[in-house]
Structures are given as C-alpha cells and as structure tokens.
Amino acid sequence: MKITTTITLRIGKPGAYEYVAPGTPVNLPNEEAEYLVSRGFSIQEPSKSSKSTDLIDAIMDAIDDLKPDAFGKDGKPSVKAIEEILGQGISGGDRDKAWDAYQCLIRDER
C-alpha cells in the first residue's frame, strides 16, 4: 500500500534500515501500512483510479460549461477549451472518457 509519512519512519530489516522523512511517499506491505495509518504516523495515498475519476468528473463539468464553438468538427469538445476552464492540462484520452460518460448522462436524462 502506498502511504505518505507524517513522521520520520525507520523501515527495512535489521542492519539495512532506511529512514523516510515526513511527507515522503513509500510503499509498504498492507498490514504495516494500515497500522501506521491507524496510529496517525502516515496517511494513505488516494488510489490512481480515484484521482482519474475526479479528473473525469471535472472534465464533464467543464464540458457542461463550454460554448458551442468549443466543439470540433467531429462533435467532441476541444481539449484546449476544457484545459482553459480547468486551468490544467488533460489528455485526449481523458477528454474522450469524459465525453463518453457525459453523452451517456445526457441520454439518461432525456
């Protein structure tokens, strides 16, 4: 499990210990990581899938705010227009995932 330390941790085996400074991400076995999180010595890193889900949701919100001229000839929203609303870069793949989800959502609302 990937965690971020909130204190200096000593990890490893006797004779080969490493010190991990506070704020440093580190991968540890689940049982050890869960113990450290429960004691407040570290925090669990959000999973990549939750980060990508948050990004897709943000892109869908941005698509909802786009003007008609922000869509290309293929009918998809412009990556650049979405980036301007979000204030961060996105990939065409992220745009496509959000666009597909957005279209399904619109279809379901009809």
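Below are my entries on the sheet and the cores.

Ground rules: this is a predicted model, where local features need pLDDT of at least 70, side-chain atom pairs count only at pLDDT 80 or more, and totals for chains, interfaces and linings use all residues. Numbering starts from 1 along each chain as its sequence is written, and side-chain values use heavy atoms, with hydrogens and water left out.

Entry one, the sheet. I found an open sheet of three strands in the order S4-S1-S5, with antiparallel pairing (strands are DSSP E runs of at least two residues, helices H or I runs of at least four, numbered from the N terminus; two strands pair if DSSP finds at least two bridges between them). S4 (25–27) and S5 (42–44) are at the edges with a single partner strand each, so one side of each has no neighbour in the sheet. S1 (residues 2–5) pairs with S5 over three bridges, and Thr4 has Ile43 as its bridge partner in S5.

Entry two, the cores. Of its 14 residues, Ile59, Ile63, Leu66, Ile82 and Ala98 touch the most other members. Helices H2 (48–65), H3 (79–86) and H4 (92–109) each supply at least two residues of this core, and H2 gives the most, with six. Apart from this core lies another, of eight residues, including Ile3 and Val20.

Methods:
A nonpolar core is a set of buried Ala, Val, Leu, Ile, Met, Phe, Trp, Tyr and Cys residues joined through side-chain atoms within 4.5 Å. Buried means under 20% relative accessible area, exposed over 50%, partly exposed in between (1.4 Å probe, protein chains only).
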